[in-house]
Amino acid sequence: MQEIIISKNEAGQRADKFLSKFLCRAPKNFIYKMIRKKNITLNDKKMSGNEKLVCGDSVKLFFSEETLSTFTEPAEAHTGIRLPKKQALNFKQYIIYEDENIILMNKPAGMLSQKAVPGDRSINEYMINYLLESGVVTKSRLSTFRPAVCNRLDRNTSGLIIGGTSLAGLQEMSLALKERTLHKYYLCIVRGIMKQPAEIQGWLIKDENNNKVNIYPKEQNNSSYICTEYLPIAWNSRHTLLEVRLVTGKPHQIRAHLSSIGHPIAGDRKYGNEQFNQQMFQNYYLKFQLLHSYKLDFRDYTAKQPELKYLEGKVFYAPPDAMFRKILKEEGFDGYLEEQRTAGFHPGGND
């Protein structure tokens with residue numbers, strides 16, 4: 001017999017849905033048969049499967065060890081990346097903030113947000129490893145609740161990634177991103193001089209075959225509306241440092257949108273200017289787009305769940321990496337960034 005005490009991350013779902021996750025290799029008719037025969041009970045009573053679980057409920061499975069191992073997935077299958085000690089990642093250096101519901105991470109350029117194929121290494125797996133090692137989650141619970149990142153950045157875009165480490169945190173952050181009450185700001189250096197803040201709009205179509213998007217000034221068949229705000233922070237005779245806010249959030253939106261108005265991002269091999277990229281490579285050995293998600297603004301956020309109200313009104317920052325900071329300094333932009341952070345200014349002048 002195995003007893004499972006329902007935790008806060010498993011509460012709120014139907015009992016049969018929970019059992020389908022836990023007994024992930026079992027056919028549904030087997031689960032319902034075990035319920036009917038009282039081989040699975042809820043709080044020591046016969047269950048129907050449609051009960052809504054609450055924290056502290058007791059689910060008992062009167063199975064042999066062999067049966068359990070047949071219908072459950074090994075705990076190892078739910079873990080993240082296991083590296084030899086000499087290759088181990090100091091994950092703590094990327095943590096900006098953490099509490100019982102969320103973790104904010106400063107993803108380095110070159111790292112995936114989530115793995116695309118089984119062999120990939122992503123910040124999502126590194127996060128799960130960290131949570132396992134710190135005792136926040138256990139291997140046995142990963143089958144019924146798995147922490148996950150709530151937003152994605154392109155592999156070579158650095159900056160803030162939100163991880164939901166509780167069910168409430170995962171649901172709340174995903175909803176805030178969907179409803180756009182949580183604002184994301186980016187830093188980038190673009191080709192040319194831009195002196196006025198603006199809001200640009202357009203229509204985006206993704207080319208799945210080439211993993212690229214195209215921007216159009218008017219609506220097209222199968223296109224998605226996009227809106228991007230930008231604020232010039234500083235400029236020199238060649239380039240401009242921008243703070244960009246995603247009003248909508250589509251793949252490659254900032255990179256393609258800025259390129260479509262003649263101001264591609266430095267280092268962007270997909271949407272950028274070849275001559276500009278070559279100059280940045282020669283000067284700084286820059287091989288990828290210089291785009292960094294540096295600020296998460298919760299000032300328009302209202303928590304739907306009471307346990308997340310403490311996030312209302314907060315603003316979180318993630319510093320750019322050493323290469324970005326070096327380029328900012330060499331281009332004469334480093335002092336302006338700190339002034340912008342101190343002032344709390346963002347596009348639209350809503351402060």
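These exercises work through aromatic contacts in a predicted model.

**Exercise 1.** State how many aromatic pairs there are, then classify the pair F18 and F22.

*Solution.* 
- The count is ten aromatic pairs.
- In one of them, the ring centres of F18 and F22 lie 6.4 Å apart, and the planes meet at 10°.
- Planes under 30 degrees apart count as stacked.
- The F18 and F22 pair is therefore stacked.

**Exercise 2.** Locate F18 and F22 in the chain, and decide whether each is buried or exposed.

*Solution.* 
- Helix α1 (residues 15-22) holds both F18 and F22.
- They are four residues apart, so about one helical turn separates them.
- Buried means under 20% relative accessible area.
- F18 has 1% relative accessibility, so F18 is buried.
- F22 has 9%, so F22 is buried.

**Exercise 3.** Classify the pair F30 and F71, and say which helices it links.

*Solution.* 
- The ring centres of F30 and F71 are 4.4 Å apart, with planes at 35°.
- Stacked needs under 30 degrees and edge-to-face over 60; the rest count as tilted.
- F30 and F71 are therefore a tilted pair.
- F30 sits in helix α2 (residues 28-36) and F71 in helix α3 (residues 65-71).
- F30 is buried at 17% relative accessible area, and F71 is buried at 16%.

Definitions and conventions:
Residues numbered from 1 in each chain as written. Predicted model: local features only at pLDDT ≥ 70, side-chain atom pairs only at ≥ 80, totals over all residues. Heavy atoms only, no water. Phe/Tyr/Trp six-rings, centres within 6.5 Å; stacked < 30°, edge-to-face > 60°. Helix = DSSP H or I, 4+ residues; strand = E, 2+ residues; numbered from the N terminus. Buried < 20%, exposed > 50% of the residue type's maximum accessible area, 1.4 Å probe, protein only.
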